Amino acid sequence: MEVKSIALGVEGMTCNSCVQTIEQHVGRMNGIHNIKVSLEDKNAVIIYDPKLQTPATLQEAIYDMGFDATLADSNP
Amino acid sequence: PQRSAMPKHEFFVDMTCEGCSNAVTRVLQKLGGVQFDIDLPNKKVCIDSEHNVDTLLETLKKTGKNASYIGEKSAQ
C-alpha cells in the first residue's frame, strides 16, 4: 500500500480541545493512517493513502472545520 | 428591530475555548445568511437564520464538536 506524509500549517487552534477535535475528525476520514497535531508548532502531520486523499482534500477537511490550513512546501 | 420578533434557534455546542468558538464563527460565516451570538461559558450558540434547523445543526457539527438543538428562543 502506498503511503505519503504531509505537514499542514494550521492556524486558529488555541487549546488541546481544538487539537483533539482535529485529530479525531480527520483521523476518521478514509485513507488516513495517522495524524499528529501540534499546538506548539501550529501544524498537523498526516500520514495518508494518496489514492484516497490528496493534500488539497486534507486542507479542505481542516478548513471545513473552521481552521486555516496551509500547505507548507515540504518536498524534501 | 423588525427582526427581533423572529424566534431564534438555540444550540448546544461543546466549545471549550476561544479557538473552538472561532471555529464555530467561521463555519457559520461560510454558510452565510445567519445572525448569531456565541455564549462560550454556557456552550450555547443562538442563531437567527432562514436556514432550517437541520442545516444549521449539520454546519455546527462540521467543527467536529458535539452539537445539539436546544429549541426556539423568542427574542425579547
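The sulfur of A:C18 lies 3.5 Å from the closest cysteine sulfur, that of B:C17, and this separation is too far for a bond. The model is a predicted one, and the cut-off that matters at this point is a distance of 2.5 Å between the two cysteine sulfur atoms. A:C18 itself counts as buried, with a relative accessibility of 0%. Another cysteine, B:C46, is likewise in no disulfide, the nearest cysteine sulfur being that of B:C20 at 19 Å, and B:C46 is also buried, at a relative accessible area of 10%. Over all chains, the count of disulfides by this rule comes to zero. In general terms, a disulfide is a covalent bond between the sulfur atoms of two cysteines.

On the side of chain B, 13 residues are in contact with 14 residues of chain A. The size of an interface is often given as the accessible area lost when the parts come together. For chain B and chain A this buried area is about 1,000 Å², with 49% of it on carbon and sulfur atoms. Of the area that chain B buries against chain A, 42% is supplied by B:R26, B:K30 and B:K62, which is more than any other three residues supply.

One of these three residues, B:R26, also takes part in a salt bridge, in which its side chain meets that of A:D68 with an N to O distance of 3.1 Å. The count of salt bridges between chain B and chain A is one. Polar contacts across the interface of the two chains come to five residue pairs, where both residues have pLDDT 80 or more. Sorted by class, the side of chain B that touches chain A consists of four nonpolar, four polar and five charged residues.

Salt bridges can next be followed through the whole model, where the count over all chains comes to seven. In chain A, the side chains of A:K36 and A:E23 meet in a salt bridge at 3.8 Å, N to O. A:K36 lies in strand 2 (residues 32–38) and A:E23 in helix 1 (residues 16–27) of chain A, so this pair ties together parts that are 13 residues apart in sequence. The two partners fall into separate accessibility classes, A:K36 counting as exposed at 54% relative accessibility, whereas A:E23 is partly exposed with a relative accessible area of 22%.

In chain B, a salt bridge joins the side chains of B:E10 and B:K73 at 4.0 Å, N to O. Here the pair ties together parts that are 63 residues apart in sequence, because B:E10 lies in strand 1 (residues 7–13) and B:K73 in strand 4 (residues 67–74) of chain B. B:E10 is buried, with a relative accessible area of 12%, while B:K73 is partly exposed at 42%. B:D14 forms a salt bridge with B:K43, and the closest N and O atoms of this pair are 2.8 Å apart. This pair links distant parts of the chain, 29 residues apart, with B:D14 in the loop between strand 1 and helix 1 (18–31) of chain B and B:K43 in the loop between strand 2 (34–39) and strand 3 (44–49) of chain B. B:D14 is partly exposed, with a relative accessible area of 26%, and B:K43 is partly exposed with a relative accessible area of 26%. Salt bridges that share partners also join B:E10, B:K44 and B:K73 into one network.

These elements belong to the fold of chain B, whose secondary structure comes to two helices and four strands, and which follows the pattern β-α-β-β-α-β when read along the sequence. Of the contacts in chain B with a separation of 6 or more, 62% are accounted for by residues 24 or more positions apart. Chain B has 76 residues, of which 38% count as buried.

Leaving aside residues up to four places away in sequence, B:V34 touches B:L28, B:I47, B:D48, B:S49, B:H51 and B:L56. B:V34 and B:V53, separated by 19 residues in sequence, are 12 Å apart in space, C-alpha to C-alpha.

Note on methods
Residues are numbered from 1 along each chain as its sequence is written. Chains are lettered from A and ligands numbered from 1 in the order in which they are written. This is a predicted model: local features need pLDDT of at least 70, side-chain atom pairs count only at pLDDT 80 or more; totals for chains, interfaces and linings use all residues. Side-chain values use heavy atoms; hydrogens and water are left out. Contact means heavy atoms within 4.5 Å. Buried area is the accessible area (1.4 Å probe) that two parts lose on being put together, summed over both. A polar contact is a pair of N or O atoms within 3.5 Å; within protein, one must be able to donate a hydrogen and the other to accept it, and residues adjacent in sequence count only if both atoms are side-chain atoms. Ala, Val, Leu, Ile, Met, Phe, Trp, Tyr, Cys and Pro count as nonpolar, Asp, Glu, Lys and Arg as charged, and the others, Gly among them, as polar. Buried means under 20% relative accessible area, exposed over 50%, partly exposed in between (1.4 Å probe, protein chains only).
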